[in-house]
Amino acid sequence: MVIDRKRVREQFASYTRNYDPEDPKIALKIAHTYRVAENCEIIAKSLKHSDEEVDFCWLSGMLHDIGRFEQVKRYNTFIDSKSVDHAEFGADLLFGDERLIDSYTDDRSWDSLLEIVIRQHNKFRIIESVTGKTLTFCNILRDADKIDIFRVNIETPMEDIYNVSSDELENSDVTPIVLEYIKNNIAIDRAMLKTPADHHIGHLALAFELVYPKSKELVKEQGYLYQLFDFKTNRESTRNAIEVTKGELDKALG
């Protein structure tokens with residue numbers, strides 16, 4: 001795959017200028033994009049991929065959340081269940097009638113693979129028909145995305161992420177089924193997340209399903225995941241749920 005990274009960065013900057021840079025949600029996703037692309041590159045290199053494949057993984061990071069900007073503009077939320085599936089939406093923008101992908105690269109040979117990777121990056125489970133190297137590229141992007149979500153949740157007010165007030169956040173309980181997922185050391189189906197506290201624990205639980213050793217290494221090095229255990233709450237049950245989650249993740253990550 002022939003990638004001109006300078007062109008990709010310039011086109012991404014040009015595209016995002018169509019949205020309000022003062023909106024914290026827009027600023028968040030711009031920074032997130034660059035971080036995920038960097039994580040993709042680091043993980044791909046750790047797996048000894050070719051330079052061409054590393055470039056592909058980096059590009060997938062740059063484009064994985066392209067649907068987020070229009071999602072925020074139209075719906076003012078990152079919650080897909082209340083708006084649109086941002087991965088499907090982004091892939092449609094890139095590879096559908098608008099063909100945004102043509103602005104980023106002239107090489108069409110990897111389009112079908114890139115479309116799959118972007119469509120699958122936010123799914124609870126990757127569809128079974130995805131196998132081999134395609135599955136590897138999906139997992140690289142998914143790991144890279146999860147790693148930076150921990151940073152986002154530290155550096156961005158939770159009220160902005162979850163569209164709730166501080167009072168709602170601090171007085172929310174954890175739904176019992178959420179703890180069942182935690183005790184089984186698996187990520188939580190978003191359909192099960194009902195409260196702001198649920199969503200917070202849902203983000204923590206992403207770490208259970210990191211695929212690659214380098215991904216777990218990056219999480220430990222960056223330290224954001226561990227800062228997320230310091231969750232301000234007035235609910236004893238929520239404090240207990242956070243402690244259970246911390247204990248399970250400590251064991252899972254080693």
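The crossing of helices H1 and H2 is right-handed; a crossing is given this name if the near helix is turned clockwise from the far one by less than a right angle, and is left-handed if anticlockwise. The model is predicted, so local features need pLDDT of at least 70 and side-chain atom pairs count only at pLDDT 80 or more, while totals for chains, interfaces and linings use all residues. Residues are numbered from 1 along each chain as its sequence is written, and side-chain values use heavy atoms, with hydrogens and water left out.

Helices (H or I, at least four residues) are DSSP runs, numbered from the N terminus. Two packed helices are described by the angle between their axes and the distance between the axes. H1 covers residues 5-16 and H2 residues 24-46; their axes come within 11 Å and cross at roughly 155°. Such axes are lines fitted to C-alpha atoms over the stretch in contact, with angles running from 0 to 180 degrees between N-to-C directions. H1 and H2 are therefore roughly antiparallel to each other, a term for angles over 145 degrees.

Contact between residues means heavy atoms within 4.5 Å. On the H1 side, Arg 5, Arg 9, Phe 12 and Thr 16 meet Ile 30, Thr 33, Tyr 34 and Glu 41 of H2. By class, three nonpolar, two polar and three charged residues make up this contact. Nonpolar here means Ala, Val, Leu, Ile, Met, Phe, Trp, Tyr, Cys and Pro, charged means Asp, Glu, Lys and Arg, and the others, Gly among them, are polar.

Arg 5 of H1 counts as buried because its relative accessibility is 18%, the cut-off being under 20% relative accessible area (1.4 Å probe, protein chains only). Apart from neighbours within four places in sequence, Arg 5 is in contact with Glu 41, Val 54, Asp 55 and Trp 58.

The structure holds eight aromatic pairs, counted where the ring centres of Phe, Tyr or Trp (its six-membered ring) lie within 6.5 Å. Phe 12 and Phe 69 form one that is edge-to-face, at 5.9 Å centre to centre and 70° between the planes; edge-to-face means planes over 60 degrees apart. Phe 12 lies in H1 and Phe 69 in helix H4 (residues 66-75), 57 residues apart. Both Phe 12 and Phe 69 are buried. Ring pairs join Phe 12, Tyr 15, Tyr 19, Tyr 34 and Phe 69 into a cluster.

Helix H6 (residues 111-120) is largely enclosed by the rest of the structure, because seven of its 10 residues are buried. Among them are Leu 113, Leu 114, Val 117 and Ile 118. The buried residues of H6 pack against helices H3 (51-63), H5 (86-95) and H7 (132-155).

Conventions. Helices (H or I, at least four residues) and strands (E, at least two) are DSSP runs, numbered from the N terminus. Angles under 35 degrees count as roughly parallel, over 145 as roughly antiparallel, 65 to 115 as roughly perpendicular and the rest as oblique. Buried means under 20% relative accessible area, exposed over 50%, partly exposed in between (1.4 Å probe, protein chains only). Rings of Phe, Tyr and Trp (its six-membered ring) pair if their centres lie within 6.5 Å; planes under 30 degrees apart count as stacked, over 60 as edge-to-face and the rest as tilted.
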